[in-house]
Amino acid sequence: MDSEIKEEIPVHEEFILCGGVETQVLKCGPWTDLFNDQSVNRPKLLIFIIPGNPGISVFYVPFLKALYSLTNRRFPVWIISHAGHALAPKDKKILTTLADPNAQEIKDIYGLCGQIEHKLAFLRTHVPKEMKLVLIGHSIGCYISLQMLKRTPELPVIRSFLLFPTIERMSESPNGRIATPLLCWFRYAVYAISYLLFKPCPEKIKSLFIRMGLQAMNLECEFSLMNVFEPFCQANAVYLGGQEMMEVVKRDDETIKEHLSKKTQEEK
């Protein structure tokens, strides 16, 4: 089945401006433009995935293909990168988006609150209002999903899946106790180290490290992973991580209870 998925299911890559920031979107299925597709075969449901941190969509490609295959290829499966976590290659065109009638400047777009508004802005400009949604969040993507439901209860979400959710007391977890000082107190040192290590590093060396890493994990990748070594993207991931540690403290039981019929949670 793995070979069948790999060979027969194409994944379309786009880079768009969302909230004024380059954003990578990977789309599984033949539907790449839901607004202008007026055919009778236009789907009525979109499976929309929100990644963890770092929000690099490429790592989720096998998951996209498996979901698309297991739903009998009836619905599109899309995943969006976090703002500032993916930069378009030099030869890749950045697409413009429809005018958003509710557009407002997204303050602190690389922070946790800004990332939530970034996803809502994408849905407003790329997904018709009448289209049903299945939200799938992974890690901090689960927190973002919950906040999207809280801020825009009119979203036509029929189901929300929380995969390995990080929705409470992040800084108190064993990993959080280690990560919090680095992400919150020493993040500028992390920025400097990242820049000094990776900015002068030749592309061939970065590509070699990526190939070695993929081989060690027994993975193949059809899209560029160079953003892993991009200091700008690393800095934004660290910045978001620091805000996660400070802001994801108390579980939002009220929002969970309100939307409980939509939730499916997989515990760690």
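This is a predicted model: local features need pLDDT of at least 70, side-chain atom pairs count only at pLDDT 80 or more; totals for chains, interfaces and linings use all residues.

A: Residues are numbered from 1 along each chain as its sequence is written, and side-chain values use heavy atoms, with hydrogens and water left out.

L225 is found in the loop between α7 and α8 (231-247). Helices here are DSSP runs of H or I with at least four residues, strands are runs of E with at least two, and both are numbered from the N terminus.

L225 is buried, at a relative accessible area of 7%. Buried means under 20% relative accessible area, exposed means over 50%, and partly exposed lies in between, using a 1.4 Å probe and protein chains only.

Leaving out residues up to four places away in sequence, L225 touches I56, V58, F59, I210 and L214. Contact means heavy atoms within 4.5 Å. A83 is 142 residues from L225 in sequence, and their C-alpha atoms are 16 Å apart in space.

Now take helix α7, at one end of this loop. Helix α7 covers residues 203-216 and holds L208. L208 counts as partly exposed, at 36% relative accessibility. I205, L208, F209 and M212 form a nonpolar patch on the surface. Together they have about 350 Å² of accessible area, by the Shrake-Rupley method with a 1.4 Å probe, where only the protein chains shown count as cover for residues. Patches take residues with over 30% relative accessible area and no salt bridge; nonpolar side chains (Val, Leu, Ile, Met, Phe, Trp, Tyr) are joined within 5 Å, like charges within 9 Å.

The loop between α7 and α8 also holds E230. Side chains of opposite charge can pair when their charged atoms come close. E230 forms a salt bridge with K199, with the closest N and O atoms 4.0 Å apart. The pair links distant parts of the chain: K199 is in the loop between α6 (187-198) and α7, 31 residues from E230. A salt bridge is a side-chain nitrogen of Lys or Arg within 4 Å of a carboxyl oxygen of Asp or Glu. K199 is partly exposed, with a relative accessible area of 45%. By this rule, the count comes to twelve salt bridges.

To recap, the loop between α7 and α8 holds L225, which is buried, and E230, which is linked to K199.
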